[in-house]
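The structure comes first, and the notes on it follow.

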Amino acid sequence: FFLKVGASIFCFGHLIRVMLEVSKQVGFYISEDHEACVNGQNLFFKIIYAIFSFVQLYIIFRFGNVIVNRNKTLSRFAFIHCISSSLCFWVYTIINETMDALVEKYLLKNQYSSCKDADYSRVTRAADKFPVCVADNNTDFSILNNVICDMEIRKTCMADTDGIAMFFYPFSVEFSILTVGVWYIMWDNIGKVEEHKKSMECIPSFARSGDASAHPSRNASLNASTEKFEEPPDTMIISANCAYSTRGLFLGLGLLVLTIVCVIVHLVWQKSCDQVFVDSALILSYLIECLILFFMIIATFMAYRKIVTLDVNPHSVAFLDDLLLLICIPSYFLLFFFSIGPNIYQFMPLNFITDVLTIIQVTVQTPLIVDGLRRCSNTTDNLKTLPGRNILMFLIVSNLVNYIFYILMQKSSFYESGKIEFYGSLEWSVISHVTLPLCIFYRFHSSVALVDIWNSAYKTPE
């Protein structure tokens, strides 16, 4: 259920971004000043893309738990096609996000041009001149030049809605990742009725279309079962026991308020021509991130001590959660690897500590989630005391705080100024936009998985 809610949130954020791009193309059609920006193919593609995404969400929400047992060959082909399409859209979105971010940060905005003092070394290096498009490059084929020329076109065809649409790129990236995981699980479960018979919550009803004997081919797939399954009602009933969660919730909300305030201060101070404010903005951002990670590491160890006292659930189904978590881990290690050079080149203790704490926190939190998803409470003592539930609630909110922090700090030109100086603005933008979306998705999905633990680990197994 929580995974479906997450998919819905990501999908609607993704649809907002796509429809903003559609409105931009419609504006180009109406305006006489942007005839060069009119692209009928792009407009048609965006409309089809929005429809396809909405249909994907409906199928995931409505049929995500279905086990296909008919037309298996065709179903395998269809699911593999959906997996490939989602992967392609994921790469396509990352490329477009990288290009638009480069245009916004280095071609459109030169907000530090009023800073005349030569002592502002970090400001001048981070806002260095960008490569220029060579239009008549007929003798040498250059991928970099083609990219720069495409960015010049994007700069010319920017609209007022693009600044808003940039905030919704993470939703598009994470929706594509999520759909890949769901399609893969549905593909993997094709024909596996016998394996999941006892864990099924919903069996197709044959009574809707008349007598069950009229569908012998459908009944044959389930004739081995002697149990009688009743069709569940269409009404969805949601309930949650929030006992032993208040302290963890309010501690997490306090951390959320502190983080948002610090991010706003960072974004304001980074625009200053005073080097003291620029340096203070960087220190403040690294300091709050270190603080979040430090508390999360302590909370993770405390939660694990409590979780291991619970019983093991013999019928746990957590493969999809494991898959979506583990595919994100390499991105953290890649980001850490690419941060080693800049940390040596321009050593900042807080930056280095942040990178190390991030790796430690992810390394200890992932086994906690994998273990916790396989726990339940069979004893009366565990059902009464609910050990570790406050800590789990704090971790849920803390991962969401980290998720919000990453999204907001992507708008900062100087949060990663040391890495930009070391690699160059274009190169680091490519590296960060390849790795960061998966890191951001890890934070959101960790919250979803921890909510699942918070909800199911303190119940008797079904």
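Ser339 is buried, with a relative accessible area of 2%. The model in which this value was computed is a predicted one. Ser339 sits in helix 13, which covers residues 329-345. Outside the four places on either side in sequence, the contacts of Ser339 are Asp355 and Lys419. Asp355 lies 16 residues from Ser339 along the chain, and the C-alpha atoms of the two are 7.8 Å apart.

His14 belongs to helix 1, residues 2-30. With a relative accessible area of 1%, His14 is buried, because the cut-off for that class is under 20%. The side chain of His14 makes a polar contact of 2.8 Å with the side chain of Ser172. Ser172 is also among the residues that His14 touches when those up to four places away in sequence are left out; the others are Tyr49, Ser53, Phe171 and Phe175.

For the protein as a whole, 46% of the 462 residues count as buried. The protein has 18 helices and 2 strands. Among contacts with a separation of 6 or more, 88% are between residues 24 or more positions apart.

Two packed helices are described by the angle between their axes and the distance between the axes.

| Helix pair | Angle between axes | Distance between axes |
|---|---|---|
| Helix 12 and helix 18 | about 155° | 9 Å |
| Helix 13 and helix 18 | about 140° | 8 Å |
| Helix 7 and helix 12 | about 140° | 10 Å |

Helix 13 packs on helix 18 at about 140°. Helix 13 is therefore oblique to helix 18, and their crossing is left-handed. On the helix 13 side the contact is formed by Ile329, Ser331, Tyr332, Leu334, Leu335 and Phe338. Helix 18 supplies Trp428, Ile431, Thr435, Leu436, Leu438, Cys439, Tyr442 and Arg443. By class, the residues of this contact are 11 nonpolar, 2 polar and 1 charged.

Helix 12 (residues 319-326) also packs against helix 18 (residues 425-456). How are helix 12 and helix 18 oriented to each other? They are roughly antiparallel, because their angle of about 155° falls in the class over 145 degrees. Helix 12 passes helix 18 in a left-handed crossing. Asp321, Leu324 and Leu325 of helix 12 are in contact with Phe441, Tyr442, His445, Ser446 and Asp452 of helix 18. The contact of helix 12 with helix 18 has 4 nonpolar, 2 polar and 2 charged residues.

Helix 7 (residues 169-188) packs against helix 12 with an angle of about 140°. This angle makes helix 7 oblique to helix 12. Helix 7 and helix 12 have a right-handed crossing. From helix 7 come Ile177, Leu178, Gly181, Val182, Tyr184 and Ile185, which meet Phe319, Leu320, Leu323 and Leu324 of helix 12. The contact of helix 7 with helix 12 has 9 nonpolar residues, 1 polar residue and no charged residues.

Definitions and conventions: Residues numbered from 1 in each chain as written. Predicted model: local features only at pLDDT ≥ 70, side-chain atom pairs only at ≥ 80, totals over all residues. Heavy atoms only, no water. Helix = DSSP H or I, 4+ residues; strand = E, 2+ residues; numbered from the N terminus. Buried < 20%, exposed > 50% of the residue type's maximum accessible area, 1.4 Å probe, protein only. Contact = heavy atoms within 4.5 Å. Polar contact = N/O pair within 3.5 Å; in protein donor to acceptor, adjacent residues only side chain to side chain. Axes fitted to C-alpha atoms, helices over the stretch in contact; angles between N-to-C directions. Parallel < 35°, antiparallel > 145°, perpendicular 65-115°, else oblique. Left-handed = near helix turned anticlockwise from the far one by under 90°. Nonpolar A, V, L, I, M, F, W, Y, C, P; charged D, E, K, R; others polar.
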